[in-house]
Amino acid sequence: MYRWIPFWPDTAAVNAIAVNNIYIAELALSSLITLTVAFMLLTFSIRYRRGSTASRANLVQKTWHFEVGWTTATLGLFLILFVYGASMYIWLYNPPPADEEIYVVGKRWMWKAEHPGGQREIDALHVPIDKTIRLVLASEDVIHSFFVPAFRIKHDVVPGALETIWFKANKTGTFRLACTQFCGLQHATMAGEVVVMSGPDYARWLGDQGVRESFAEQGSELFRAHGCSGCHSENSTVHAPLLDGVYGTFVHMQDGSVRFADEAYLRDCIVNPRSFTVAGYPPVMPDYAGQLGEDELLKVIAYIKSIGSKRETGR
Ligand code: HEC
Ligand SMILES: [Cu+2]
């Protein structure tokens, strides 16, 4: 419908439709007002041009009605647009429950994606159509920005933090993926493609990757190899919390604050354990900053997310 607008990019996700609609609404309203003002400007210029016979006598009665009405109407219209835009923003930045979660690591100069089944790919992202995909984004080095124009999603990927975004593709095909944060000499080459496939095609693709271990299983091995299980297990002599089902709960801290255990929290626990302590436990957890790569951290986090859902500790 809006294909006639020059340079209109592909639209291949529900997120993109929402953004299109806002864009169209803004364009329409701005055009309407600009045209109205231009039209009146022209009309009055012609009507009161030098030499015209239009009356220039004072108004019999001065009225503010026009002025107030016109200003309030435009203000109201733009406020409606504001509310509409803000609600869309909230919708776009609050991931709905995901059908699938994919981990993406930005690194000079590539995008590395890892599927829950353990399938990995570089500078490419295969996803099924009509499914809500949640991406957990991490950076290995500097700030990158994950951008898929056809989905209208773009999110900075900042080292030392985990970000999440979501999308739901509604068109099969291959779409551009790019980094939009100048991240060094080869920044321009930090690009790839997103391949949206039908459900069966996607299942076949996953099966063809020849992986043996799921992402969480790889994390479970790291969990043992790095000694986490030595403290965080039932038969440990150290008084450390069991991590079963901690993901998605609220955790009480020693200092009285409460934190929500999302991916970013779990990452913080591992690389930044000195900055806070879980209530009721000694602050003995070693600092793993620098010992686990971003990739490995994501695996350990995926493992912690995968274990248990009931906590005996009753926290
Ligand atoms: C020396 C024992 C020890 C080791 C080794 C250890 N931890 Fe911990 N961990 C603790 C203790 C004690 C706490 C609670 C106190 C605190 O927050 O520092 C904790 C807290 C945590 C929490 C927060 C738990 C909650 O209930 O919110 C997470 C997550 C965690 N550790 C993950 C790990 C991972 C992953 C590793 C391995 C890379 C690891 N830990 C290694 C002792 C340990
Ligand atoms: Cu980059």
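Is H232 buried or exposed? I looked this up in the predicted model and found that H232 is buried, with a relative accessible area of 16%. I note that this value falls in the buried class because the cut-off is under 20%.

**Entry: iron atom of ligand 1**

I next listed the protein donors of the iron atom of ligand 1. They are NE2 of H232 and SD of M285, at 1.9 to 2.0 Å from the iron atom. I then checked the angles among the 6 donor atoms, which run from 87 to 178 degrees, and I recorded the site as octahedral. H232 belongs to the loop between α5 (228-231) and β11 (250-252), and M285 to the loop between α6 (263-271) and α7 (294-306), so the pair ties together parts 53 residues apart in sequence. For M285 I noted a relative accessible area of 25%, which makes this residue partly exposed.

**Entry: copper ion (ligand 2)**

I turned to the copper ion (ligand 2) and asked which residues coordinate it. The donors are H144 through ND1, C179 and C183 through SG, and M190 through SD, at 2.1 to 2.5 Å. I recorded their spacing in sequence as H-x34-C-x3-C-x6-M. The angles among the 4 donor atoms of the copper ion span 91 to 123 degrees, and the site is tetrahedral. This assignment follows because four donors count as tetrahedral if all angles lie between 85 and 135 degrees. For reference, I noted that the ideal angle for four tetrahedral donors is 109.5 degrees.

**Entry: accessibility at the copper site**

C183 is buried, with a relative accessible area of 4%. M190 is also buried, at 1%.

Key
Residues numbered from 1 in each chain as written. Chains lettered and ligands numbered in written order. Predicted model: local features only at pLDDT ≥ 70, side-chain atom pairs only at ≥ 80, totals over all residues. Heavy atoms only, no water. Donors = N, O, S within 2.8 Å, 3.2 Å for Na, K, Ca; no water. Tetrahedral: all angles 85-135°; square planar, octahedral: opposite > 155°, others 65-115°. Buried < 20%, exposed > 50% of the residue type's maximum accessible area, 1.4 Å probe, protein only. Helix = DSSP H or I, 4+ residues; strand = E, 2+ residues; numbered from the N terminus.
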